[in-house]
Amino acid sequence: MSRYDAPRLRAALAAVPDYVPGRSPRQGCENLKLSSNENPYPPLPSVVAAVREQAGRINRYPDPACTALAEALAARLDVPADRLVFGTGSVAVGRLLVRATAGPGDEVLYAWRSFEAYPIMAEVCGATSVRVPLLADERHDLDAMADAVTDRTRLIFLCTPNNPTGTVVRRAELERFLDRVPSDVTVVLDEAYTEFVRDPDAADGLAFHRRHGNVVLLRTFSKAYGLAGLRIGYAVAHPEVAAVLRKVGLPFGVSGLAQDAALASLAAEDELLDRVELLVKERARVTAALRESGFDLPDSEANFVWLRLGGRTAAFTEACAELGAVVRPYGTDGVRITVGEPEANDVVLRAAAAWR
């Protein structure tokens, strides 16, 4: 008689939370998916053409160094190309940062609520998550985060704009924070939504990176550039950090399709940023309408808005779903609503006005 023996896996992984993606809409309501912070606009024709051309070469491995893209992006950001490290989305590069800095006995510090991948990144590597609650206005409590730093802290994530609340870290408070953090602790400014920021007091990640040897930026082509389906993001890190990230990274991880699409997107950046401006205007309209309906929400600098609804979160999510719109609930904390096309936003606003 045969018997099944389960393989021995790391017991600690049983406690690691699952990443919960945004739900998909019901059939026929695809444009009402406002749960994943996707760019609602289709790819530009020039980007599609670049992908089609690259598709004829998919029998070959992609450039592991993303050389052409690194050179173009380095010129765009005015940084040396050796500071750029690419991966399958900024979340993948963030995981490399945790692998490179933290392990059992070490601590990874971040605000909460913030990006759901942070605890997964930390705990998969055996590190301890340290969560610091947001302020009442949904912003990072940088004083409390600085107080929480110990001799075991190895990495700090600052998500700005913060996902899911949309608030930013401001220039003066970040300067004070960095003055208090030991220089051997890596501070990651996760700027996945930086193109949507309009607050003049928001911290400029590149400026802080240039002045501080322990500051790393995370950015992505998924949001403003509309390449979520191709999975490409990057870090801007000082050379010694970038070299280690490449060492722990996956060879050939970024596809040739993604590299060429990102290159084409940089070439068409003005056109893409016109779309971002449309979404910023829609964000303002959605925010004003929700406030008129009686909701209290923070000013968002991302492509989504946040409603802290507590125990009413599920009811609001269902009210939107009844009209076909899918938003993103976060337990009993609140709901994140992606800013999409005006027609999709109007559906959520109707649901909100009726529900309130």
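**View 1. Lys 247, an exposed residue of helix α8.** In this predicted model, Lys 247 has a relative accessible area of 69% and is therefore exposed, the limit being over 50%. The residue belongs to helix α8, which covers residues 239-248. Its C-alpha lies 9.0 Å from the C-alpha of Ala 100, although 147 residues separate Lys 247 and Ala 100 in sequence.

View 2. Strands pair through backbone hydrogen bonds, and the pairing can be parallel or antiparallel. Here seven strands make an open sheet with mixed pairing, and their order is β1-β7-β6-β5-β4-β2-β3. At the edges are β1 and β3 (residues 128-133), each of which pairs on one side only. On average, neighbouring strands of this sheet are turned by 25° against each other, if direction is ignored.

**View 3. Strand β1 and its partner β7.** Strand β1 takes in residues 84-87, and both of its faces are covered. Strand β7 (residues 233-236) runs antiparallel to β1, and four bridges join the two. Gly 87 has Gly 233 in β7 as its bridge partner.

View 4. Four bridges link strand β2 (residues 107-112) to β4, and the two pair in the parallel sense. Across this pairing, Leu 109 has Ile 156 in β4 as its bridge partner. Helix α2 (residues 67-77) lies across β1, β6 and β7, and it runs at about 125° to β1. Helix α3 (residues 90-101) also packs on the sheet, where it touches β1, β2, β4, β5 (186-190), β6 and β7. The direction of α3 makes about 155° with that of β6.

**View 5. Ile 156 and the nonpolar cores.** The largest nonpolar core has 60 residues, and the members that touch the most others are Ile 156 and Phe 177. Which residues is Ile 156 in contact with, leaving aside its neighbours within four places in sequence? They are Leu 109, Met 145, Val 149, Phe 177, Val 181, Val 185, Thr 186, Val 187 and Val 188. Another core, of 26 residues, lies apart from the largest one; among its members are Val 85, Leu 96, Val 98 and Phe 157.

**View 6. Asn 214, a buried loop residue.** Asn 214 sits in the loop that runs between α7 (205-211) and β6 (215-220). Its relative accessibility is 11%, so it counts as buried, for which the limit is under 20%. The side chain of Asn 214 reaches the backbone oxygen of Val 185 at 2.9 Å. Neighbours within four places in sequence left aside, Asn 214 is in contact with Val 181, Pro 182, Ser 183, Val 185, Thr 186 and Val 187.

**View 7. Asn 162, another loop residue.** Asn 162 is found in the loop between β4 (153-159) and α6 (171-180). Is Asn 162 buried or exposed? Its relative accessible area is 0%, so Asn 162 is buried. Apart from neighbours within four places in sequence, the residues in contact with Asn 162 are Arg 113, Ser 114, Leu 134, Glu 138, His 140, Thr 167 and Phe 304.

View 8. Three strands form an open sheet in the order β8-β10-β9, and they pair in the antiparallel sense. Why does one side of β8 (304-307) and of β9 (328-330) have no neighbour in the sheet? Both stand at the edges and each has a single partner strand, so one side of each is left without a neighbour there. From one strand to the next, the twist averages 20°. Strands β8 and β10 are antiparallel and joined by four bridges, and Val 305 has Ile 337 in β10 as its bridge partner. Helix α11 packs on this sheet and touches β8, β9 and β10, its direction making about 30° with that of β10.

**View 9. Helix α12 and what covers it.** Helix α12 has 14 residues, 342-355. From its first C-alpha to its last it reaches 20 Å, close to the 20 Å expected at 1.5 Å a residue. The buried residues of α12 are Ala 344, Asn 345, Val 347, Val 348, Leu 349, Ala 351 and Ala 352. Their cover includes α10 (269-292), α11 (313-322) and β10 (334-338).

Notes:
Residues are numbered from 1 along each chain as its sequence is written. This is a predicted model: local features need pLDDT of at least 70, side-chain atom pairs count only at pLDDT 80 or more; totals for chains, interfaces and linings use all residues. Side-chain values use heavy atoms; hydrogens and water are left out. The expected span of a helix is 1.5 Å times one less than its number of residues. Buried means under 20% relative accessible area, exposed over 50%, partly exposed in between (1.4 Å probe, protein chains only). Contact means heavy atoms within 4.5 Å. Two strands pair if DSSP finds at least two bridges between them. A polar contact is a pair of N or O atoms within 3.5 Å; within protein, one must be able to donate a hydrogen and the other to accept it, and residues adjacent in sequence count only if both atoms are side-chain atoms. Axes are lines fitted to C-alpha atoms, for helices over the stretch in contact, and angles run from 0 to 180 degrees between N-to-C directions. A nonpolar core is a set of buried Ala, Val, Leu, Ile, Met, Phe, Trp, Tyr and Cys residues joined through side-chain atoms within 4.5 Å.
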